[in-house]
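Thanks for making time this morning; I would like to walk you through one structure. Please have the sequence and the model open while I talk.

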Amino acid sequence: MASLDFDIGQLDDAQREALQSYTSVTDQELSAAVPLLQRSQWNVQIAIAKFFDGEPPDPVEEARAALASSPPPHPVDRRETLLNGLSSFPRSSTSSAREPAPRIVPQPESRSLYKPPVLLSILLTPFNLLFRIISGSLGLFGYLFPFLPRILSSLASRSPARNSRRNTTGRRPLNPRDTAARFIREFEEEYGTHELHFFEDGYAQAYDMAKKDLKFLLVVLISPEHDDTATFVREILLSPEVGTFINDPQNNIILWAGSVQDSEAYQVSSALNCTKFPFAALIVHTPQDSSTSMSTVSRVPGLIPPSAFIAKLQSSITQQKPALDRIRATRAEQQATRNLRQEQESAYERSLAQDRERMRQRREAEATKARVEQEARLKVEEAKREAQKLEEWKMWRFQQIAPEPGTDVKDVTRISIRMPSGDRIVRRFPSDTSLEELYAFVECYELSQSNVPTPISPKPADYNHQYKFNMVSPMPRMVYDLSTGGIVGERIGKSGNLIVEPILEEEDED
């Protein structure tokens with residue numbers, strides 16, 4: 001097989017895509033696929049049609065090959081006669097034994113009746129009545145002269161166009177798959193069960209499968225009206241040795257059979273130049289002729305012994321098998337290369353996906369870390385702002401606390417306060433001092449103990465101070481909640497012992 005005279009890398013993207021689409025359908029080797037696509041102007045549909053239907057020979061290339069293979073003329077050759085000159089050319093016995101096998105796609109007959117529109121039917125009503133009157137008159141004329149209809153019908157039956165369109169078998173035309181199923185059913189009804197595996201589809205589908213899978217297509221055509229049909233089926237086709245030979249997986253045979261009473265089988269018999277029934281033909285892909293050719297390599301017309309039938313088929317299979325083995329090896333190598341490339345691409349895609357996943361997780365971790373750091377920084381800044389506003393509020397509130405009344409004031413309340421640090425404070429408050437004033441004194445007690453003068457400070461804006469402790473009387477236990485309000489004279493009396501009890505947060509309590 002000739003090798004490519006150019007590099008695949010020189011193809012552009014469109015040509016590579018066309019080559020990949022073509023080889024995925026046909027599994028043809030690249031050395032034959034690329035020239036076929038070039039001859040088809042890189043049209044994938046045309047190339048696939050040429051592959052399955054067969055590519056017609058190029059007269060220019062045949063003329064060039066004939067000129068290249070013919071010997072140079074000599075002066076003595078000019079004196080030869082025409083008969084001697086024709087007989088002097090060598091003829092290939094191998095090429096003469098093979099005949100091109102066309103791909104037949106039968107067109108089903110249409111039985112649908114044309115119904116004209118209602119308006120057209122109304123317009124044609126007068127003509128319809130006239131036709132019926134004339135038909136009745138002719139019928140009466142034929143009744144009076146009965147020999148005329150027979151003469152006219154015999155003359156009409158001799159017309160080839162009429163005979164070609166008339167279905168004399170009475171068989172309903174079906175699609176190829178249903179036609180094959182009907183043939184198999186009638187075959188089993190006529191000859192009983194058997195071990196043959198008929199292809200359950202049309203000839204074109206069997207043709208395509210044999211071409212794509214590099215198998216041998218055995219076509220069997222029978223005529224139920226022929227006298228040798230029953231003998232051929234029972235003694236040859238259904239013989240044990242022929243059945244074993246056809247069903248042998250090593251022979252790679254696809255068996256398709258049909259009755260010439262069906263349109264498809266009749267067209268196949270005409271395309272294969274069948275002149276005698278029963279008929280069998282072996283069709284296979286012949287790469288030595290062209291990259292898309294399907295040829296009839298063996299023909300078995302009429303009745304022959306089963307051993308001769310097998311020997312003829314086996315000879316053709318043995319002759320064509322080396323070329324098919326080379327094509328299979330090439331396709332297997334191409335498929336292995338394709339699988340390896342797909343595995344490498346899959347591994348690359350998986351590695352790329354893993355890298356992308358790791359990058360995504362890294363970005364998410366970095367984003368989470370930045371968000372946590374940002375939130376912590378905001379909390380710290382918020383805590384600093386709160387602490388700053390607390391100090392400003394303490395300085396403002398400390399300036400608002402009234403001084404302790406003197407000893408000459410009688411209407412006072414003496415309160416002993418035990419601080420969380422353990423210090424005990426004893427201070428007198430006017431009886432009309434609000435309970436919030438007592439809380440503010442405890443909150444600002446540290447400022448009152450420092451000797452540093454506190455500057456005059458305004459009340460901080462947008463700040464609502466919350467006391468984080470309660471004033472509690474131990475015996476009996478009573479909590480002087482700030483939310484209830486009141487003055488110390490009414491709530492505590494003349495004197496009292498109080499404990500500063502911090503309010504614990506819910507998290508700390510949990």
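When I say that two residues touch, or are in contact, I mean that they have heavy atoms within 4.5 Å. This is a predicted model, in which local features need pLDDT of at least 70 and side-chain atom pairs count only at pLDDT 80 or more, while totals for chains, interfaces and linings use all residues. Residues are numbered from 1 along each chain as its sequence is written, and side-chain values use heavy atoms, with hydrogens and water left out.

Let me begin with Phe232, which touches Val220, Ile222, Leu237, Pro278, Gly302, Leu303 and Phe309, leaving aside residues up to four places away in sequence. A nonpolar core is a set of buried Ala, Val, Leu, Ile, Met, Phe, Trp, Tyr and Cys residues joined through side-chain atoms within 4.5 Å, where buried means under 20% relative accessible area, exposed over 50%, and partly exposed in between, with a 1.4 Å probe and protein chains only. In the largest such core, of 32 residues, Phe232 is among those that touch the most other members, together with Phe198, Leu218, Val220, Ile246 and Phe309. Helix 16 contributes the most to this core, six residues; helices (H or I, at least four residues) and strands (E, at least two) are DSSP runs numbered from the N terminus.

Turning to the sheet, five strands form an open, mixed arrangement in the order 1-5-4-2-3, and strands count as paired if DSSP finds at least two bridges between them. Strands 4 and 5 run antiparallel and are joined by seven bridges, with Ile283 opposite Thr296 of strand 5.
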